[in-house]
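Please keep the structure open as you read the points.

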Amino acid sequence: MARYRILVLNGPNLGALGVRQPDIYGSVGMDAVPGLVGQVLGARTGEVELEFFQTNGEGALIDRLEQARRDGVDGVVLNAGAYTHTSLALADCLAWIGLPCVEVHLSNVLARSEPLRQKSYIGRHVIGVVAGFGITSYALAVQSLVLHLDRSDARRHAATPV
């Protein structure tokens, strides 16, 4: 049984990864993520159960995050796509659900020419951001989230009286 359940949540247009603008987003799809996570986590791969969800709708992203909270998911890897730069509603949801979340971007959003893409409304509600490594960004985000969850577990156990 896995130690951590992690939701990999993708927003608009990310269902077409590997096909959509490969010059910006690469030519590899989400089906490569479990293998990349295995490469990054090595022997710890079995400790992580990944759940994948993609939607083009802002409300469906929020609904899925709220469901993740109810289901007891341990953390979220989120590529909100363009909603990263526009959605106060998504930021509000992340602010209250209490799940650790790592923001992911395939491209280096800080190097993008459009100033709007350099702003993240969700960024202040996540534990970190991984950007610019293509599809590998997801594996690095999972690894970072696992390390964060390990530290959180250690603090919780250290604070528990014997």
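**Strand β1 and its sheet**

1. Strand β1 (residues 4-10) is largely enclosed by the rest of the structure, because six of its seven residues are buried. Buried here means under 20% relative accessible area, with a 1.4 Å probe and protein chains only. Helices (H or I, at least four residues) and strands (E, at least two) are DSSP runs, numbered from the N terminus.

2. A word on the source: this is a predicted model, in which local features need pLDDT of at least 70 and side-chain atom pairs count only at pLDDT 80 or more, while totals for chains, interfaces and linings use all residues. Residues are numbered from 1 along each chain as its sequence is written, and side-chain values use heavy atoms, leaving out hydrogens and water.

3. Which strands does β1 pair with in parallel? One is β2 (residues 48-54), joined to β1 by seven bridges, and another is β3 (residues 75-79), joined by five. Two strands count as paired if DSSP finds at least two bridges between them.

4. Some residues to look up: L7 has E51 as its bridge partner in β2, and L7 stands opposite V76 in β3. For N10, the bridge partner in β3 is N79.

5. Now the whole sheet: five strands form an open sheet in the order β2-β1-β3-β4-β5, with parallel pairing. At the edges are β2 and β5 (128-131), each pairing on one side only.

Technical notes
Buried < 20%, exposed > 50% of the residue type's maximum accessible area, 1.4 Å probe, protein only.
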